[in-house]
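Thanks, everyone, for making the time.

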Amino acid sequence: MDQRKRVRGIGELPHLTVNQERLVRVLGVVSLLFGVYWLHWRWTETINPDALVFSLLLVSAETWGWVGSALFMFNAWRIPQRASPPAPPGRIVDVFITAYDEPLEVLRRTANGACAIRYPHRTYFLDDGKRDELRQIAQDLGIGYIRRTNNANAKAGNLNFALSVTSGEFILQLDSDHVPLPNIIHQLLGYFTDERVAFVQTPQDFYNTDSFTHVVNDHSRSLWEENRIFYSLLQPGKDHWNASFFCGSGGMLRRAALESIGGFSTNTIIEDMETSLKLHSNGWKSVFHPEALAFGLSPSSAGAFHVQRMRWAQGSMQILKKMNPLFLPGLSTGQRICYLAANLYPLDGLQKAIFYLTPVIFLFTGMVPIAADGKELMLRLLPYLVLSITAFELLARGTGFLFISERYNMAKFFTYIVALAAYFTNGKLKFNVTPKGVTDVPFRTFAAPLFILVVSLAGVLWAPLARRFGWVDYQTRDFDLAFFASAMWVVWNVYFAAVVVRMSLRMRQQRSDHRFLDSLPVRIRVVGATEVPLLALTQDLNPLGIAFRSTRSFAPDTELEIDLPLSTRPVTAIGRVVHTECSETTHGTVYLHGVHFSGMSLEDRDTVEVHCMHHSVPIWRKRYRQSLDFFSKATEVMGNSRGVRRQLVQLPAHLRIRGETQSDLRAALLEEITVFGARILVENPIPEGTTVDFKVPGTKLAGSGTVVFSRPLELPMSVRFVVGLKLANATQALRPDPRVAQPLASS
């Protein structure tokens with residue numbers, strides 16, 4: 001397969017040209033070299049002997065930042081472009097779903113997805129929670145059920161026991177919440193034709209985009225997740241050095257490779273990285289497939305987020321203590337550096353704490369950590385910051401987003417500091433499972449950012465008073481400049497601290513189960529009525545209920561019959577309206593309804609689940625950008641220099657191809673429109689040059705136009721088409737609306 005022509009999969013990075021990659025690397029090297037000059041100047045000419053400890057702490061934090069930048073560049077130096085080899089037929093594949101105390105509906109969803117995998121396989125629940133209800137689900141779905149008598153070695157022990165009672169040549173391992181796509185085995189199995197490949201890992205992606213770790217912009221169609229830089233950039237970069245590692249879910253492993261090292265390793269609480277390290281040290285190869293092929297649950301709240309990050313950070317400390325990659329035999333130099341970088345990151349917590357507290361210490365005590373003339377300092381500091389930030393954004397290839405990354409650095413810095421104690425712990429640490437479903441937000445999860453917020457603001461208020469009344473001796477010849485610089489530094493820190501505190505209090509799972517975003521035209525009628533069905537648009541969906549948008553209002557307690565044209569098969573659902581919301585748009589009044597299903601059969605519930613995971617989630621991902629590199633962003637901004645804006649519509653429309661009869665009306669989603677063009681989403685392709693008419697029922701929004709492009713959105717269960725229209729006329733005047741007017745994102 002020609003990799004240059006391959007369609008980019010979900011989660012993959014945009015591919016830069018050869019010249020763009022060269023520019024990225026050159027700027028990265030220049031940034032590091034200037035950093036060497038900066039640090040030499042700082043260590044030799046700016047240490048303040050009157051505040052020696054304070055001064056050394058700050059310059060040490062800066063030095064660690066340079067080391068982190070160098071390791072980041074090493075990992076991100078070259079990004080391989082892989083294409084899946086064809087999957088060989090007749091191989092024996094076991095799918096393991098590890099379970100402990102997760103909600104049963106989450107486990108059933110994962111099992112439904114596993115059962116829909118197209119390549120012949122056998123699926124097993126590995127039940128460490130020992131629940132008879134889960135055994136019954138396995139029996140209902142016709143999959144295997146494995147239960148051991150104890151819980152020794154947590155997840156690693158669970159997997160090893162399953163290995164001892166099964167016989168598949170290859171193991172596809174899934175966490176309880178990671179639902180695979182139907183083509184996952186076909187995409188991964190071909191890599192194992194190389195007999196030295198021990199495992200193939202895919203990115204871990206997530207379907208609950210309202211989680212603590214997600215940042216979504218509906219207008220620009222952009223999506224960022226806290227793990228994105230790791231899975232989209234660093235794991236592919238490690239793959240260049242044969243150092244990508246198994247991540248505990250969404251990976252396929254060779255049984256023979258596992259047996260050669262005695263199974264999954266059990267020395268630490270991160271059995272995935274530990275097992276990868278042992279496999280690499282024994283000469284096995286790894287592959288990172290860059291396309292997301294399973295979707296799970298990201299931590300829904302700050303509490304769940306910190307439980308997960310604490311376990312990972314503590315495990316990294318255990319790795320450094322028990323299996324230090326610098327000294328482990330059998331590793332290449334590249335592998336040693338990659339594994340070292342992958343386990344040193346908890347030290348960032350100390351570095352961030354120093355950066356957060358440095359201006360506060362100056363404001364409260366008057367101690368100055370840098371003994372240098374202000375002008376001399378700024379002449380060096382400003383270019384260093386510009387080069388460092390620019391190099392980071394370019395090397396991140398669209399995954400960096402400095403402001404968002406710094407937000408999460410603020411969120412987890414204290415968790416990392418606490419985790420450092422694991423390096424000095426000799427006993428076994430407890431494996432804490434990341435909570436799923438409804439969770440609380442303990443005060444400790446945002447106590448550290450709140451502390452930074454309070455003491456930083458207090459310092460800004462204190463310093464002018466302390467200097468005026470002589471309470472503090474500020475050891476600087478230019479207090480105004482030092483105060484201004486510290487105040488700007490404080491503003492930077494306070495912004496991120498405030499955002500994290502707000503996120504921690506606001507971001508939590510509100511429902512017992514996730515609602516899947518889905519823009520699906522549906523027909524709705526009141527039960528018992530004889531009127532023509534109303535065309536509406538789903539907003540979200542799951543087996544328990546639906547939210548839909550329409551131009552007609554239904555009162556609470558109205559019983560509705562809803563025809564769902566799902567990708568799996570059509571389902572008719574009966575439900576009761578539980579709430580109605582009204583909003584005024586530039587196109588008229590739109591009503592959002594929440595409906596609770598009643599009497600849906602278990603078979604129909606499973607059908608809805610599979611549609612949501614294999615259709616709704618992938619199509620949403622295809623329509624949202626998870627990375628936009630610097631060059632593409634610059635081109636997009638320049639290309640939109642005329643200021644042409646499109647308005648979000650997101651309403652169902654009747655579509656008629658010119659020449660067809662009124663009875664041939666099609667249902668479509670009108671996504672965006674301007675006076676010049678529109679974009680619609682349809683089930684079937686429409687040839688370029690075709691003239692079509694459209695109308696949104698219940699509004700004045702209507703028009704006709706010529707198809708200028710029809711692009712497929714290839715999904716695991718089906719294909720939809722994004723169609724662009726050049727409008728000949730539109731009856732609805734499109735007035736500028738600052739709430740919705742945004743540039744059209746690329747398809």
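The radius of gyration that I will quote is taken over C-alpha atoms, and the globule rule beside it is 2.2 Å times the number of residues to the power 0.38. For 747 residues that rule puts a compact globule near 27 Å, and the chain has 28 Å, which agrees. Please keep in mind that this is a predicted model, in which local features need pLDDT of at least 70 and side-chain atom pairs count only at pLDDT 80 or more, while totals for chains, interfaces and linings use all residues. Residues are numbered from 1 along each chain as its sequence is written, and side-chain values use heavy atoms, with hydrogens and water left out.

Along its principal axes, the C-alpha trace spans about 85 × 65 × 50 Å. If we take contacts (heavy atoms within 4.5 Å) between residues at least 6 apart in sequence, 75% of them join residues at least 24 apart.

Now to the space inside. On a 1 Å grid over the protein atoms alone, a cavity is a set of points where a 1.4 Å probe fits but cannot get out, and lining residues have an atom within 4 Å of a point. There are four cavities of 30 Å³ or more.

Notes:
On a 1 Å grid over the protein atoms alone, a cavity is a set of points where a 1.4 Å probe fits but cannot get out, and a pocket is an open set with protein on both sides within 12 Å along at least five of seven lines; lining residues have an atom within 4 Å of a point. Grid points are joined across faces, edges and corners, and a volume is the space filled by probe spheres set on the points.
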